[in-house]
Amino acid sequence: MTFAYNRATTGAWLAGDPEGHRRFARFEQRFAFETGDTLDDITVAYETWGELNAARSNGVLVMHALPGDSHAHGFAGGGHPTDGWWDRRIVPGAPIDTDRFFVGCPNVLGGCQGTTGPSSLAPDGRPYGSRFPWITPRDQTAVEVALADHLGVDRWAAVIGGSMGGMRVLEWCVQHPARVERAVIIAVGAYATAEQIGLSSSQNRIILADPDFAHGDYYGNERGPLTGLRLAREVGQMSYRSELEFHRRFHRKPQGDEDPMRGGRYAMESYLQHHGDKLLARFDANSYLVLSTCMNHHDVGRDRGGVAEALSGITAEVTLAGISTDRLYPLRLQYELAEMIPNVHDVEVIHSIAGHDGFLT
């Protein structure tokens, strides 16, 4: 399976370009989702580093955030649009030591970097587009469980993730406690808060309002919703960093020689536009919608007797971490988790002015 990039319409990787270091697992069984929708044929793109030992006991599952992918380690190129998003953490001698551990990182269901998502081809040979089902973190985890079976890992030595990745770590711990020995849960809570839902929904409506969105079926059109995706990312970027970082980096400085009083930009404006443009080079607007909505559905207590009841069944040894300046997933959410998850002693606080992105930077 290969992927081709069509920036003019999608900002996604579709069927044609080099695969890079990705591997692919195809599951032809039916996956039934919380919404009642189903998919009968799902492909998962994933990457691995290190070797699985004879006892199959040294596996570490790493989960990416929005808008990440399976390329947690390695250089850009060969099909990968960016360097590894956690590159310095997954090497020999690093915290996730590839001399000791077999490390796997899948691209999430609904994404656009090799795993089945809205830009993937449906059985009729056309991209799913608007026909792709709405999903939840539980649905994504069910697909990752199938991947673990494919890899021959019955029990992970550790499952690690932040933000959207942390949601799936929680789901692993709640759904399959016997399959998780340790868990590292970073910068997330037990459920999506009202503010998080509002921020995600606002970004989604920006994409939906783009006249080139075409109800989600823009693949093959002359233009896709690039403006909407760019602006949505700019709004999201504001919530990923902290006010203090923006103040120290940009204050009221102009961008280069531009004069904001005469139609030029402030440095802060240029920064946001840069991040919006970067996303266009590697992401699909429909995937952004699907994954943002998926994160809004995050609630470990739904249909499980409430959050406390769901978390009480976790048997893994859990490390919780949060970022001191995170305004999107503030520390209170990690402390709330610590009160309800067994085998948690405290919350590790990452002191950083980088806000929510502190676990990446």
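Hi everyone. Let me start with a definition: the expected span of a helix is 1.5 Å times one less than its number of residues. Keep that in mind as we look at this structure, which is a predicted model.

Take helix H2, residues 164–175. With 12 residues at 1.5 Å a residue, H2 should span 16 Å, and its end C-alpha atoms are 17 Å apart, which agrees.

So where does this helix sit? Of its 12 residues, 11 are buried, so H2 is largely enclosed by the rest of the structure. The buried ones run through Met164, Gly165, Gly166, Met167, Arg168, Val169, Leu170, Glu171, Trp172, Cys173 and Val174.

Let's stay with Trp172 for a moment. Leaving aside residues up to four places away in sequence, Trp172 touches a whole list of partners, including Leu61, Met63, Trp156, Pro177 and Arg179. Trp172 also belongs to the largest nonpolar core, which has 75 residues; together with Tyr288, Leu311 and Val318, Trp172 is among those with the most contacts inside that core. Apart from this core lies another, of 19 residues, among them Val60, Phe101, Ile160 and Ala187.

The largest pocket has a volume of about 860 Å³.

Technical notes
Residues are numbered from 1 along each chain as its sequence is written. This is a predicted model: local features need pLDDT of at least 70, side-chain atom pairs count only at pLDDT 80 or more; totals for chains, interfaces and linings use all residues. Side-chain values use heavy atoms; hydrogens and water are left out. A nonpolar core is a set of buried Ala, Val, Leu, Ile, Met, Phe, Trp, Tyr and Cys residues joined through side-chain atoms within 4.5 Å. Buried means under 20% relative accessible area, exposed over 50%, partly exposed in between (1.4 Å probe, protein chains only). Contact means heavy atoms within 4.5 Å. Helices (H or I, at least four residues) and strands (E, at least two) are DSSP runs, numbered from the N terminus. On a 1 Å grid over the protein atoms alone, a cavity is a set of points where a 1.4 Å probe fits but cannot get out, and a pocket is an open set with protein on both sides within 12 Å along at least five of seven lines; lining residues have an atom within 4 Å of a point. Grid points are joined across faces, edges and corners, and a volume is the space filled by probe spheres set on the points.
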